[in-house]
Amino acid sequence: MATKPRGWTGARTPSALKRVRTAERRAAINQPRRSAAKTLTTKAVKVAAGTAEGDPETALREALSSLDRAAKAGAIHPNAVARRKSRLTRKVNAALGGAHVQTSAKVTKSTGKAAAVKAAKQRIALGKAGKAKGAQTAAGKARAALSKTARAEAASTAAAKAAAAAATAAKTTTTKAAAKPKAAATKAAAPKATAKAKGTVKPTATAKAPAKKPAAK
């Protein structure tokens, strides 16, 4: 067993080392041709769109020639070259005709993140709506109708509960508001009654016995 990890993780066998040398040699040949084809293609589109100076026909001819050279050297697959030539020709013709074409390889974002998220949600909703309108089985239609009815019943029940809660709250508020004046009147009347009671109560006078007349002699 190895006591320490490998320090070299690349090719080790003679055939693998040869493939590394071959890949380096082919990259040195293919990469310049790929880069030239891409650069000249972008330049042809920009010239046709009017964002760069030059002759559109000359730029298109150079771009097509660079694609052919890349295909001949094996840097780009011949089918890919044919596809790129066709797209480039159509794009240049559209630009010369006055249509708006994209001149850069990368798509520039013209909307913010929030707007992009909103647009994506709308696309998803439209896709779901389109799928729902397709052919459905009887069981699927029954399930959809049942779920729709259940949702409607749940919504009506929730609305009724909310209305009942609002009515109860309003009734409680009215009762409290009516009870406050009565309580205040009761509190104000209590001292008056006490004062009256204190004023009317008088100490009872003791009855004096009539004086006795002297007896006649």
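Author: Here is a run through the chain, then some of its residues.

Reader: What am I looking at, and how were things counted?

Author: This is a predicted model, so to speak of local features a pLDDT of at least 70 is needed, side-chain atom pairs count only at pLDDT 80 or more, and totals for chains, interfaces and linings use all residues. Residues are numbered from 1 along each chain as its sequence is written, and side-chain values use heavy atoms, with hydrogens and water left out.

Reader: How many helices and strands?

Author: Five helices and zero strands, giving α-α-α-α-α along the sequence. Helices (H or I, at least four residues) and strands (E, at least two) are DSSP runs, numbered from the N terminus.

Reader: Which element has the lowest mean pLDDT, and which the highest?

Author: Helix H5 (residues 138-200) is lowest at 72, while H2 is highest at 95. The chain averages 80, and 73% of the residues score at least 70. pLDDT is the predictor's confidence in each residue, from 0 to 100. Where it is low, the predicted coordinates should not be read in detail.

Reader: How much of the chain is buried?

Author: Of its 217 residues, 11% count as buried. Buried means under 20% relative accessible area, exposed over 50%, and partly exposed in between (1.4 Å probe, protein chains only).

Reader: OK, H1. What does its length look like against expectation?

Author: H1 has 36 residues, which at 1.5 Å a residue should span 52 Å, and its end C-alpha atoms are 52 Å apart, so the two agree. The expected span is 1.5 Å times one less than the number of residues.

Reader: Where does H1 bend?

Author: At Ala27, by about 30 degrees. That bend is the angle between axes fitted to the seven residues ending there and the seven starting there. After H1 comes Gly50, with a positive phi near 90 degrees.

Reader: What covers the buried residues of H1?

Author: The cover includes H2 and H3. Among the buried residues of H1 are Thr22, Asn30, Ala37 and Leu40.

Reader: Take Asn30. What does it touch?

Author: Leaving aside neighbours within four places in sequence, Asn30 is in contact with Ala73, Gly74 and Ala75. Contact means heavy atoms within 4.5 Å. Asn30 is found in H1, residues 14-49, and is buried because its relative accessible area is 7%.

Reader: And Ser66, buried or exposed?

Author: Buried, because its relative accessible area is 3%. Ser66 has its place in helix H2 and touches Ala36, Ala37 and Leu40, not counting residues up to four places away in sequence.

Reader: Switching topic: how many salt bridges?

Author: The count is one, where a salt bridge is a side-chain nitrogen of Lys or Arg within 4 Å of a carboxyl oxygen of Asp or Glu. Lys85 pairs with Asp68, their closest N and O atoms being 2.9 Å apart. The pair links distant parts of the chain, 17 residues apart, with Lys85 in helix H3 (residues 78-96) and Asp68 in helix H2 (residues 56-73).

Reader: How exposed is Lys85, and how exposed is Asp68?

Author: Lys85 is partly exposed at 24% relative accessible area, and Asp68 is partly exposed at 38%.

Reader: Last one: where's His100?

Author: In the loop between H3 and helix H4 (113-132). His100 counts as exposed because its relative accessible area is 80%. The C-alpha atoms of His100 and Ala49 are separated by 7.7 Å, though the two residues are 51 residues apart along the chain.
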